[in-house]
Amino acid sequence: MMDITRTKLFLLDMDGTFYLGEDLLPGALEFLALCRRSGRQFAFLTNNSSRGKADYVARLRGFGADIAERDVFTSADATLLYLAEHGFSKEVLLIGTPSLEAQFREAGYTVRAKAPQAVVLGFDTTLTYEKLTLLCSAVRAGLPYIATHPDLNCPVAGGFLPDIGAVIAFVKASTGRGPDAVIGKPNAYIARAAAQKYGVAPQEMCMVGDRLYTDIALGACGCSTVLVLCGETTRADLAAGSIVPDWVCADLAELGQRLGAGRMEQER
């Protein structure tokens, strides 16, 4: 178990951790204030690539969070870094929302290239059968296939929306292929990219989130982890699973109380 009191950067999931649907979750704003008072950095690290960074900033500010674009790092940001680092062509087939398309265009990409050199799949809440057909055809043709993240569901008030993982399963059923690379949590690339962006070592980061298989599994990359039980994962899921967080809290309010009081006792 890692000592969370030595954390220099808290990576905060959004959906199911900071807010749920249109509701701000308990202790969310107070946790940001605590980080600032104690000299710690925080950043919102989300796998949800359906929105652009500006959209997330506007949404978080709407909840009263005093943040800037620098405080948000998404799987789409990490995917663009990955494509550039690995020398991919900017002629791609991108399956994503208008916000994701705009982010790629701003980075110089043609998102519906006539002769794409790679396929990029994001969380697309505007998905159509036509898009699915284009995606499967390109994957079946053998083009490099990159997915922004692996999440199966996106938590919303009252339940869940099917996320990109469900589309990945659909494509595999049709084509026999899974992605060649998945960028977002829990994969190491997004952890390394975040550590570099914010100037800390992986062991100085703590991932706080509500999903075992993405947020908490990021701990394999060397950071500490806190599971909050206000989103996807229940205590029954935790007991039945093999992924173990360093800490478990009901929400950010409990985490803030324990961190502020210096009572971060290990949970065994």
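Phe42 is buried, at 7% relative accessible area. That value comes from a predicted model. Phe44 is buried too, with a relative accessibility of 0%.

**Aromatic pairs**

A pair of aromatic rings is described by the distance of the centres and the angle of the planes. Seven aromatic pairs are counted here. One of them joins Phe42 and Phe44: the ring centres are 6.1 Å apart and the planes meet at 75°, so the pair is edge-to-face. The cut-off for that label is over 60 degrees. Phe42 and Phe44 also belong to one aromatic cluster with Phe18.

| Pair | Centre to centre | Angle between planes | Arrangement |
|---|---|---|---|
| Phe42 and Phe44 | 6.1 Å | 75° | edge-to-face |

What does the pair of Tyr82 and Tyr189 tie together? Tyr82 lies in helix 3 (residues 75-85), while Tyr189 lies in helix 7 (residues 188-198). The pair therefore links parts that are 107 residues apart in sequence. Tyr82 has a relative accessibility of 15%, and counts as buried because the limit is under 20%. Tyr189 is buried at a relative accessible area of 12%.

**Strand 12**

Is strand 12 (residues 205-209) enclosed or open, and why? Five of its five residues are buried, so strand 12 is largely enclosed by the rest of the structure.

In a regular strand the side chains alternate between the two faces of the sheet. In strand 12 both faces are covered. Met205, Met207 and Gly209 are buried on one side. Cys206 and Val208 are buried on the other.

Strand 12 has neighbours in the sheet. Strand 1 (residues 9-12) runs parallel to strand 12, joined by four bridges. There, Leu12 stands opposite Val208. Strand 13 (residues 224-228) also pairs with strand 12 in the parallel sense, over four bridges. In that pairing, Gly209 stands opposite Leu227.

How values were computed. Residues are numbered from 1 along each chain as its sequence is written. This is a predicted model: local features need pLDDT of at least 70, side-chain atom pairs count only at pLDDT 80 or more; totals for chains, interfaces and linings use all residues. Side-chain values use heavy atoms; hydrogens and water are left out. Rings of Phe, Tyr and Trp (its six-membered ring) pair if their centres lie within 6.5 Å; planes under 30 degrees apart count as stacked, over 60 as edge-to-face and the rest as tilted. Buried means under 20% relative accessible area, exposed over 50%, partly exposed in between (1.4 Å probe, protein chains only). Helices (H or I, at least four residues) and strands (E, at least two) are DSSP runs, numbered from the N terminus. Two strands pair if DSSP finds at least two bridges between them.
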